[in-house]
Number of protein chains: 2
Amino acid sequence: MHIKVDFQPVGRHVQVESGTTILEAAQAAGVGLSAVCGGAGSCGTCLVRLSADAPVSPPKAIEREALRPEDLAAGLRLACQVELYGSTRVEVPPESLSAPQRTQVEGEERPVELAPQVRAYDLRLPPATQADLRADYERLSDALVAAGAPRPTRRPLCVLAGLPNLLRENDWGVRVGLRGDEIVNVAAPGTPLLGLAVDIGTTKVAGYLVDLLSGETLAMRGLMNPQIAYGEDVMARIAYAIQHEDGLQVLQQAIVDALNGLARDLCAEGATHFENASHLTLDPSQIVEAVVVGNTAMHHLFLGLPVKQLGLAPYVAAVSAPLDVPASAIGLGLAPGATVHLLPNIAGFVGADHVSMLLATGTHLKDGVVLSLDIGTNTEITLAAHGRMFACSTASGPAFEGAHIRDGMRAAQGAIERVRITDSRLEYQTIGDEPPVGICGSGILDAVAQLRLAGVLNRRGAMDRDNPLVRQGEDGPEVVLAPAPRTRHGRDVVLSRKDVSEIQLAKGAMRAGIEILLEHTGLTADDIEEFIIAGAFGTYIDVRSAVAIGMFPPLPLERFRQVGNAAGIGAKLALLSSAQRAAAEALAARVEYLELTNYADFQHSFAKALSL
Amino acid sequence: MHIKVDFQPVGRHVQVESGTTILEAAQAAGVGLSAVCGGAGSCGTCLVRLSADAPVSPPKAIEREALRPEDLAAGLRLACQVELYGSTRVEVPPESLSAPQRTQVEGEERPVELAPQVRAYDLRLPPATQADLRADYERLSDALVAAGAPRPTRRPLCVLAGLPNLLRENDWGVRVGLRGDEIVNVAAPGTPLLGLAVDIGTTKVAGYLVDLLSGETLAMRGLMNPQIAYGEDVMARIAYAIQHEDGLQVLQQAIVDALNGLARDLCAEGATHFENASHLTLDPSQIVEAVVVGNTAMHHLFLGLPVKQLGLAPYVAAVSAPLDVPASAIGLGLAPGATVHLLPNIAGFVGADHVSMLLATGTHLKDGVVLSLDIGTNTEITLAAHGRMFACSTASGPAFEGAHIRDGMRAAQGAIERVRITDSRLEYQTIGDEPPVGICGSGILDAVAQLRLAGVLNRRGAMDRDNPLVRQGEDGPEVVLAPAPRTRHGRDVVLSRKDVSEIQLAKGAMRAGIEILLEHTGLTADDIEEFIIAGAFGTYIDVRSAVAIGMFPPLPLERFRQVGNAAGIGAKLALLSSAQRAAAEALAARVEYLELTNYADFQHSFAKALSL
């Protein structure tokens, strides 16, 4: 019996015989699973996680020895010991991968004046005496006012609770974090005042640790969104949340746990930044504010807001307005009085991450005609034209993340990321220069463009069966991108006719969205003065390929700008500057959302945009 | 071996032989412990709670049968089965008492215009459609503004989380609770909007359930403060919080659990109030706001604020300012967005309960000279004189709660509460007209006054050994208040010379505080136009007795006013009216606190005030 094994978050699928071990399946799929001892069960490096109902062999004695009972109960197993008896999803934790998966955290920075919401006040209070019996808080409040701060009117319990001991242990010295008229933190003199910016993507999470006193970025890190274990895309996760009684809590807990880990890792990394203070340790309890962005579904799942209505027409959000949420209310272990600020959403499928991207790229500040887009399963597009902004979301699907593509995968080690055809010879480049395992988004885009330019594909996406690069595969014509002897798993990596169709659907949706926005504003593609491409995938694509297949309009190359993880950078801007945060709220309110399904023209534009 | 058994919260102590059962000890102490089966272990009504290290016999088979393992683990035992081998404190839950302990909840009411912080808006929203894609919250926000409400700027997550399902389940109808510009609750149309006012006394807790739409009090209840199990008075509890690692949390949890139970009980009782809505059930989740008052230590323990600095000179509070705390942050199970408002404290030993009392009695509104006091282990006194207010706190001690008095007890069944001497014959009255068990505060006060008036006691408190009422006891001269044949436990109830000394100390501290306040303002006792006595004990005392022993100055009786639980009534006023809440804050700021130990005169005044 053939069974399907789905490795996440790498995004590789493979078919194997029943009875195959997970380690063997990973090798067949080309997933770089660590196995230091070669599968003897002695090293414990091939740790994977399975769901409770996975159709696999029960834990063997060797696993019971290697793993604690609570780990086994949590679904952890040794991949080399587990035999597969049915189709299974296997979660591969980052530490079990032989090489890390690529996560995009860098983005084009934009300088802003440092003016964070939380300001530090360093005070030394007169001690309490028989002659000065003010309560601790009133003593602090008076000292703040004397130091030029506004008198606090909001005083969270969690902050007050720490005050009496802190004052007496530090000889009445204190560093106060004040956010407007709210005391958010009291700490020993000299304690760092940190901020955390996070972009929660459906697939990847990017985090930035910032020194709010200097504005410096102390550390940045990417990680995979652990919610992938419950569904690869937004709709799958919404379904999980609806169908399981505790689904929403499970998804929320997964991302909150990940952010807690991220905060710890960033602090450990950022501590090395303070060269002249080797005694200084950074700690998440010093993080007094976080700014979090994500698409509307990620935003809701992070906050534990219901998502059912996001999954049903007319797909409306629970809330669009910006939110300030106590970190403790969602289980984030930051400073006791820390706030998490969520940038506003625009619509059910145009979220805070898009607002953040617009902020980071300065789209809202441009006078002329600027198109900004963030490519993902849903691609959000905003057209800024002479002071107005129009946005839409198109269902471009997960093809660029490797899903629904025969040999597709995410941008991990061994993924083909570049393809060139010169003199009918197909050449490729892989991530990490590893033997090929599959093909990721930018590689697929290149392949289709190169095959089209070489005449192997026609406008409709059909393959020229007479071309030497084309052969007849199981499902119709296909092109071998990397032949078996050179691949990691010893099988050809191919691009099929069906794969090309998937790309046509994805890029067609994107292009149709662009065209509707132009049409709505009475402009043509050539009016676009700047074409901004944000997001991880957008960073790695070859724009010429995107133009070649008609995904983007044929503009001069210098009008395109690939800005990296602009959503993450926008979150950082909103962390560093109250003015930027206000700008984000204002710009979100200015954006006019167009629901594409309300446009009779959309189907026509879409059909037209399918052509290569 | 003689061992001491301390029954709480009744406040009775007794000495028994080692090997005595708790039920026998209770009978010896006159504590009305239920024992329907007569001590056979079959009825389970004599349930008591012991600490884990109590020196008693281990659970017998009969107890293992009657009690669940988790109950046994929590220290619950059958009093008839447990043998005592050493001095032990026994907690008697209210349900194990044959008659309830007296708790004072009523107080003199003062009419106010209904203007609560939380207002109800009944809305029906236009449904979300393809043509109207506003997020749920923005839809609600717009409808609120259309209904004349301010646009909300604060939107707690816990409220937003309930919104999507609520709207769709109620055909887009909703009752919104708005507190200023903060949404605190969304509920199905017609859901009651309730408020809770609570006075947390060191010994007793009083709660009031209020309909915020009509201003009516739906139910009121008193209960014993369960923290008594960890220390009878404020200082003992502060010590417990400091000496035990989780002491603060344990004390907080005890009172929070009690308040959750109180809220449930009040709802059950209040439901009967709505005659025309028999389908209506009241539920703590409908309570959108609570106002809580208590002395500074009770205030801090309820909030989980540190109390160490309250127990050490110069005895300052962590915070004096009024606080708004999310109910969920302290584990109160009210409406998800409910706030708990704490009235301000004045000083470490003049708390929010005193502010509340001043508010309820209108002390701050008087033009003339008014003295208001609340008698307890600490007696807080405020003198309002021609627009200024001066407050102090005097350590009057626990004698009026029966502590340190040989046969003293709290105001429970069988306590002697009135004493009269006519023609050298001593007569008494007990609570519930039960056979005497001991003597409570008002009875002690009467006894001393009557004995003084009858010439049995002289000015210094010495007993006239020649008087037939006086006999020689173990510790010196004593007066038999109730002879053995008439008492419940078959032992004489007596008042000793030492007991008289305790009362002298207590009343002396109180009177000295009054004199210092008068002196500070250049007034004499006769200038006092109104003398307001608040609190449970103050309600039950005979003012003539208090004047007779010099506890109060000798004013015409009509100047005295006994107002009952004014602190609880003040909390209710602050719940019903934003103006009253503001008035409480303003009055607390106006009160000038006098630290008596700073007054050289205090010792002199105190010594003088000891005379009877």
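Okay, to start, one term: two strands pair if DSSP finds at least two bridges between them. Keep that in mind, and also keep in mind that this is a predicted model.

Strand β7 of chain A, residues 173-179, is joined to β8(A) by five bridges, and the two run antiparallel. If you want one of those bridges to look for, find A:Val176, whose partner in β8(A) is A:Val186. Now zoom out a bit. These strands belong to an open sheet of three, in the order β6-β7-β8 of chain A, with antiparallel pairing. Which strands stand at the edges? Those are β6 (118-124) and β8 (182-187) of chain A; each has a single partner strand, so one side of each has no neighbour in the sheet. From one strand to the next, the twist averages 25 degrees.

Over in chain B there's an open sheet of six strands, and its pairing is mixed. Reading across, the order is β25-β24-β15-β16-β17-β26. At the edges you have β25 (560-564) and β26 (591-593) of chain B, which pair on one side only. Ignoring direction, neighbouring strands here are turned by 20 degrees against each other on average. Take β24 of chain B, residues 530-534: four bridges link that strand to β25(B), and this pair runs parallel. Within β25(B), B:Arg561 is the bridge partner of B:Ile532.

Is A:Val90 buried or exposed? Buried, with a relative accessible area of 0%. Leaving out residues up to four places away in sequence, A:Val90 touches several others, including A:Val5, A:Phe7, A:Ile22, A:Val48 and A:Leu50.

Helices now. Look at α16 of chain B, residues 601-609. The buried residues are B:Phe602, B:Ser605, B:Phe606 and B:Ala609. They span an arc of only 100 degrees around the axis, which means they sit on the same side of α16(B). What do they pack against? Helix α11 (497-520) of chain B. On the face turned away from the buried side, you'll find the exposed residues B:Gln603, B:His604 and B:Lys608.

What about the cores? The largest nonpolar core has 111 residues, and A:Leu140 and B:Phe302 touch the most other members. Helix α7 of chain B, residues 247-270, gives the most to this core: nine residues. Setting aside neighbours within four places in sequence, the contacts of B:Phe302 include B:Ile200, B:Ile255, B:Leu259, B:Val292 and B:Leu342. Apart from that core lies another, of 110 residues, among them A:Ile255, A:Leu305, A:Ala327 and B:Val174.

Last thing: where the chains meet. How many residues of each chain are in contact with the other? It's 36 from chain B and 36 from chain A. Between them, about 3100 Å² is buried, and carbon and sulfur atoms give 66% of that. On the chain B side, B:Gln130, B:Leu133 and B:Leu157 lose the most area to chain A, together 20% of what that side buries.

How values were computed. Residues are numbered from 1 along each chain as its sequence is written. Chains are lettered from A and ligands numbered from 1 in the order in which they are written. This is a predicted model: local features need pLDDT of at least 70, side-chain atom pairs count only at pLDDT 80 or more; totals for chains, interfaces and linings use all residues. Side-chain values use heavy atoms; hydrogens and water are left out. Axes are lines fitted to C-alpha atoms, for helices over the stretch in contact, and angles run from 0 to 180 degrees between N-to-C directions. Buried means under 20% relative accessible area, exposed over 50%, partly exposed in between (1.4 Å probe, protein chains only). The arc is that of the directions from the helix axis to the C-beta atoms. Contact means heavy atoms within 4.5 Å. A nonpolar core is a set of buried Ala, Val, Leu, Ile, Met, Phe, Trp, Tyr and Cys residues joined through side-chain atoms within 4.5 Å. Buried area is the accessible area (1.4 Å probe) that two parts lose on being put together, summed over both.
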